[in-house]
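Here is a short briefing to read alongside the model.

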Amino acid sequence: MKLKIIILSAAIAAVGLSANTFAAPAGQQEIVFQDDFSAMRVGMVSAGVIGAEVEYHYFPQTAPQGNWEVSCFRSEASQRAWRVQREDGFGPKLMYQASASSRVDSATTHPMLIAGDVLWKDYALSVTFAPESKENWSGAVFRYRNDRCLYFFGVNQDKATLFLLNHGPAFRKSTLQVLAEKPYTYQPGTTLTAIVEVKGDHIRGELPNGLVLEADDSTFTRGRIGLLADVPTRFTRVAVTMSPASKALAEKEIAQRQQEEARLQAANPRMVVWKKISTTGFGTGRSVRFGDLDGDGKPDVLFVQVNNHGPKDRNSEVGCLTAMTFDGKKLWQSGEPDPWRDRLTCDVACQIHDIDHDGKCEVIYCRDFELVIADGATGKVKRKVKTPLSPPRPASGGEPINKYERILGDSLYFLDLRGTGWPSDIILKDRYSHIYAYNDKLEPLWDVACNTGHYGYAYDVNGDGKDEFAIGYNLISHDGKVIWSLDKQLQDHADAVAILKLNPTDKEPTLFCAASDEGVFWTDLRGHILKHLYLGHVQSPSIANYRDDLPGLEAVTVNFHANQGIIHFYNSKMDVYHDFEPMQHGSMMLPLNWKGHSEEYFVISPNVDEGAYDGWGRQVLKFPADGHPEMCYDVLDLTGDCRDEIVVWDPEEMWVYTQADNPKPGKLYKPKRNPLYNRSNYQATVSLPGWSE
């Protein structure tokens, strides 16, 4: 997020900064940021920004409010964390963090509000706060790179502490490194002012009554500022000052960034609206499928509402299906539309696919405990079977994952298990313990119990014309035998997996896994882990040629639960070469072939302030401020010139953007992507290089 430096003419004393600021004499310091929250409305700041809805939907609640963004959430407690209220209900406004984090949660994540700019380098930060408990951390964040990479100065129990946070060495393992610490006496409810000064590698922190902590550390040399509280805490005033030289440097670097991104954006074809469809009454969240339903050779769209039977999203199934052309013609509808079924926090067992290879697409879905194959043009049922009986209660006890006698069906994947030369076999999974294989006649082939995670990936590993299937931490043979499993070695679950050669010179493909709180890892085809990076709750990987200057393919991932919005970039040697935190929500991170050149972009969201980025982390494409829907997006070639269109929608309407110079003649980049019949909210998106004839 790009925030302007705000220059305010006020004395240092007015914001509580000490006279011994070492960055420059006090008289030469300039206030570049200050906030007493008086301009913000009384009410919740963090409401609506938690939960799986914002893994792949954009909601305005995740946008900055005033100068601040909500960073870090793990559970519903975050819903009530940050709020603007008045002192004693009638006095001046303040920012209140109302929840108490457990010691387990605060080992890896902390409720935070952040502000400022990542290019801020040398500055002094003053935060006035009053912790209502001494049982956990409360204080100031500085040189914040992301919510797992930062410095903190504040209090906890009867100590003042200066610490560094910088990712972790293992699964949910504490990342905290104390740089300096001293005993410090204060009472709960006492108002404290923490003053932090950073210049080069030197850090100095000061609290009332003469407490001073100092340390030298070069891990992070610049970054944003923030408020951190693992206990209920009142924050009343925040200010940042810089010397004239530091301010001038920050302004120069911010201007250079803005100019570079403006140049890149101007070099891209302008976005223009190609189609609009009204979806009032039957619209939905990110549960839309694309394919040629009516057989005219053009892609159509299927809107899938989801019924949730709870608890939460654990037992969900297809509700109403509405098939339409992009000209707005309704082809058919199956089920009763419900305007309240307009979003989802799970996957959905529905795909468009020519399963019998007769040149006409079918719609395959699960509803009412049945696995159904329906005619794509009419929606009429061609074949159906009962879904499998629910597996027994886990041996470890607890509530069963599936609450009904038969599974509802969590997702569908098509592949070639029998060597027919066509992906006519089906993998149906529950959530999250079993997968079931069927042929195109809906006859069962086999089933496997494993930690399934969210979604799998097919690949003919041994070259026998039959697909193996990677799902969770497992590789399954075409006949349902577990080739290898890391279920006992790894925790949490895999959000997405892919098998591919990251570099054409690689001797064999590798398996890439975005594994939630296990971070991200790569294995060889025998299940040996080649590299494991603990980067937080990693998901939504996409792999494409994001940079021509790097060999092979690059990957990007985004973090979610407990540290949402962190994006990491990986080269073909599986090393992180860049990271940043441009937003505070999740994303599908879909590759975008916008120019028809070999370098692709990736889309974060349809929001006008976010848009698409390149392999350097630069914003290269912005959506016009034309009132378009912003909740969901997808990327695919709809007009036939090889380049992608961007489809955006919410429950009321769907818009399609194309390039102003469409159609574009000549040889164009035409990457090979995941097929449209294998779509998931948790897919690993692979975009392999290719060109038009």
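Four strands make up an open sheet in the order β42-β43-β44-β45, and their pairing is antiparallel. Please keep in mind that the model is predicted.

**The four-stranded sheet**

- The edges of this sheet are β42 (591–592) and β45, each of which pairs on one side only.
- Strand β43 covers residues 601–605 and runs antiparallel to β42, with two bridges joining them.

**Aromatic pairs**

- Searching the whole structure turns up 33 aromatic pairs.
- One of them is formed by Phe623 and Tyr657, with ring centres 5.8 Å apart. Their planes meet at 75°, which is over the 60 degrees needed, so the pair counts as edge-to-face.
- This pair links distant parts of the chain, as its two residues are 34 residues apart. Phe623 sits in the loop between β45 (619–621) and β46 (632–636), while Tyr657 belongs to strand β48 (residues 653–659).
- Phe623 has a relative accessibility of 4%, so this residue counts as buried. Tyr657 is buried as well, with a relative accessible area of 0%.
- Tyr657 also pairs with Trp655, at 6.3 Å centre to centre and with 50° between the planes, and this pair is tilted. Both Trp655 and Tyr657 are buried.
- Elsewhere, one aromatic cluster is formed by Tyr546, Phe569, Tyr577, Phe580, Phe602 and Tyr613.

**Lysines over tryptophan rings**

- Lys275 lies over the face of Trp274, at 5.1 Å from the ring centre.

**Around Ala498**

- Ala498 is part of strand β34, which spans residues 496–500.
- Is Ala498 buried or exposed? Its relative accessibility is 0%, so Ala498 counts as buried.
- Leaving aside residues up to four places away in sequence, Ala498 touches Tyr457, Thr510, Leu511, Phe512, Ile543, Ala684 and Val686.
- Ala470 lies 28 residues from Ala498 along the chain, and the C-alpha atoms of the two are separated by 7.6 Å.

Terms used. Residues are numbered from 1 along each chain as its sequence is written. This is a predicted model: local features need pLDDT of at least 70, side-chain atom pairs count only at pLDDT 80 or more; totals for chains, interfaces and linings use all residues. Side-chain values use heavy atoms; hydrogens and water are left out. Rings of Phe, Tyr and Trp (its six-membered ring) pair if their centres lie within 6.5 Å; planes under 30 degrees apart count as stacked, over 60 as edge-to-face and the rest as tilted. Buried means under 20% relative accessible area, exposed over 50%, partly exposed in between (1.4 Å probe, protein chains only). A charge sits over a ring if NZ of Lys or CZ of Arg is within 6 Å of the ring centre and within 35 degrees of the ring normal. Two strands pair if DSSP finds at least two bridges between them. Contact means heavy atoms within 4.5 Å.
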